[in-house]
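This report describes a structure through a few of its residues and the helix packing around them. The sequence and coordinates are shown first.

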Amino acid sequence: MVVVAIGGSMGTLLRYQILLNWPVTLGEEFPLPVIITNLIASLFLGIFLAVFHQPHGRWSTQSNARAFLTAGVVGGLATLSLPMVDIPLLIKNGYLVWAILIPTALLIGGTLTVIVGLLIGGWRPHHDQLPAEEEGQ
């Protein structure tokens, strides 16, 4: 899909600019800009998914706008390849604790940030569905 390729290009360029211009404050070994960029991408993913949420608990998969924003822009903005490269470098440089904590933080932090984004975007669990006893009325 062309819309995903265009969105992915935009997200990748945005990530590249963030990483180029981010002041490194914790040392060259610590990938703080990569972590923050992935968490920002997770937040936007949650917001966009909430916007495209359909009644009855379904996610819209047919929208070009959704594909452009989620798979494209957010997919390009987020990166797991950089942390996967940074982790062996952290181990090599003696930062074993960080090498364990960073992927854990990305997994937990990313999941929580998606949930926050969903809530910011207006998604409410079970609010789109009628309770079972009201469905037949």
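Thr70 counts as buried, because its relative accessibility is 9%; buried means under 20% relative accessible area, exposed over 50%, and partly exposed in between, with a 1.4 Å probe and protein chains only. The model is predicted: local features need pLDDT of at least 70, side-chain atom pairs count only at pLDDT 80 or more, and totals for chains, interfaces and linings use all residues. Residues are numbered from 1 along each chain as its sequence is written, and side-chain values use heavy atoms, with hydrogens and water left out.

**Overall layout**

The protein chain has 5 helices and 2 strands, in the order α-α-β-β-α-α-α from the N terminus. Helices (H or I, at least four residues) and strands (E, at least two) are DSSP runs, numbered from the N terminus. Of the 137 residues in the protein chain, 32% are buried. Contact means heavy atoms within 4.5 Å. Among contacts in the protein chain between residues at least 6 apart in sequence, 73% join residues at least 24 apart.

Thr70 belongs to helix 3 (residues 64-77). A polar atom of the Thr70 side chain lies 2.6 Å from the backbone oxygen of Arg66. Leaving aside residues up to four places away in sequence, Thr70 touches Leu45, Phe48, Leu49 and Gly75.

The axes of helix 2 and helix 3 come within 9 Å and cross at roughly 170 degrees. Axes are lines fitted to C-alpha atoms, for helices over the stretch in contact, and angles run from 0 to 180 degrees between N-to-C directions. Helix 2 and helix 3 are therefore roughly antiparallel to each other; angles under 35 degrees count as roughly parallel, over 145 as roughly antiparallel, 65 to 115 as roughly perpendicular and the rest as oblique. Helix 2 contributes Thr37, Ile40, Ala41, Phe44, Leu45, Phe48 and Leu49 to the contact, and helix 3 contributes Arg66, Leu69, Thr70, Val74 and Leu77. These residues divide into 9 nonpolar, 2 polar and 1 charged, where Ala, Val, Leu, Ile, Met, Phe, Trp, Tyr, Cys and Pro count as nonpolar, Asp, Glu, Lys and Arg as charged, and the others, Gly among them, as polar.

**The aromatic pair**

The structure holds 1 aromatic pair. The rings of Phe44 and Phe48 have centres 6.0 Å apart and planes at 25 degrees, so the pair is stacked. Rings of Phe, Tyr and Trp (its six-membered ring) pair if their centres lie within 6.5 Å; planes under 30 degrees apart count as stacked, over 60 as edge-to-face and the rest as tilted. Phe44 and Phe48 both lie in helix 2 (residues 32-51), 4 residues apart, about one turn of the helix.

**Two further positions**

Asn64 is another residue of helix 3. Not counting residues up to four places away in sequence, Asn64 touches Met1 and Val3. Leu107 sits in helix 5 (residues 96-120). From Leu107 to Leu39, 68 residues away in sequence, the C-alpha distance is 9.6 Å.

The table lists the accessibility of the residues discussed.

| Residue | Relative accessible area | Class |
|---|---|---|
| Thr70 | 9% | buried |
| Phe48 | 17% | buried |
| Phe44 | 36% | partly exposed |
| Asn64 | 45% | partly exposed |
| Leu107 | 61% | exposed |

Definitions and conventions: A polar contact is a pair of N or O atoms within 3.5 Å; within protein, one must be able to donate a hydrogen and the other to accept it, and residues adjacent in sequence count only if both atoms are side-chain atoms.
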